Amino acid sequence: QVGDEMRQYDVAFSMGFSCGGTMALRRAGLQFVSYPLDWIGSPGIVASATMIATDFAHWFEKDDLQLVAVRGGSFQNNVYWNRRTHFGFPHDFPRFFRFEEKFDETKAKYDRRIARFLADLGQAKSALVIYVERPISPRVAAGELAEAKRILAGRFPDVAFELVYFHLE
C-alpha cells in the first residue's frame, strides 16, 4: 500500500541480494511460489536483471559451479558460486551429500522455477520487483536501478515494472 492507494500486481519477485527479499514478499502475502532468484546470492541488481533478460543463460551449469564454503550450524549446506555469472547458491547442496548426488535434482528444480517465472512474467501486465541490499555492500547507485528497470522493460515491454530498493543498515 502506498499512502491511501492500494496497488495490485500480477507478479511480485525479488532480484536479490539474498533470500531476505523473497522472505519479505511472502510475509506481506505478495509471493506464493519460488522463482530462480529467490534463494541465491546476487552479484548486483543489474546482473540480476541481465540474467532475467537472457532467460537465465548459463545460470546453472555444472562446469561453472565452484565450492566456496562449507556451512555448519543451522544451515548445513555447501555453498557454490557460479564462476561465469557470479551468482551464489547457498541453500542447494546439503553438506553431507556429494555435489554429483544433488546436481541433477537441483538443476531440475531451477529449470522448473525459471520456466514458471518466465511464464508468469510473460503473462503479467504489472510487476513488483524488490531488491534488498546487504549491509556490507555499498549502496546501489540510482543509475543502476534505472539500468535494471530498462533491462527488464526491454525483455518484457508489456509489463509495468515497479522497482523497490532496500538497503539494510
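Biologist: Which residue lies over the face of F97?

Modeller: First, a word on the source: this is a predicted model, in which local features need pLDDT of at least 70, side-chain atom pairs count only at pLDDT 80 or more, and totals for chains, interfaces and linings use all residues. Residues are numbered from 1 along each chain as its sequence is written, and side-chain values use heavy atoms, with hydrogens and water left out. A charge sits over a ring if NZ of Lys or CZ of Arg is within 6 Å of the ring centre and within 35 degrees of the ring normal. At 4.4 Å from the ring centre of F97, the residue is K102.

Biologist: And over the ring of which residue does the charged end of R113 sit?

Modeller: The distance from the charged end of R113 to the ring centre is 5.7 Å, and the ring belongs to Y110.
That ring also has an aromatic partner, at 5.5 Å centre to centre and 75° between the planes: F89 pairs with Y110.

Biologist: Why does the pair of F89 and Y110 tie together parts that are apart in sequence?

Modeller: Helices (H or I, at least four residues) and strands (E, at least two) are DSSP runs, numbered from the N terminus. Both residues are buried, meaning under 20% relative accessible area, with exposed over 50% and partly exposed in between (1.4 Å probe, protein chains only). Because F89 lies in strand 4 and Y110 in helix 3, the pair joins parts separated by 21 residues.

Biologist: What kind of pair do Y35 and F117 form?

Modeller: Rings of Phe, Tyr and Trp (its six-membered ring) pair if their centres lie within 6.5 Å; planes under 30 degrees apart count as stacked, over 60 as edge-to-face and the rest as tilted. The whole structure holds 17 aromatic pairs. For Y35 and F117 the centres are 5.1 Å apart and the planes stand at 70°, so the pair is edge-to-face.

Biologist: Is T85 buried or exposed?

Modeller: T85 sits in the loop between strand 3 (77–82) and strand 4 (88–94). Leaving out residues up to four places away in sequence, T85 touches P43, M51, A57 and H58, where contact means heavy atoms within 4.5 Å. Its relative accessibility is 13%, so T85 counts as buried.
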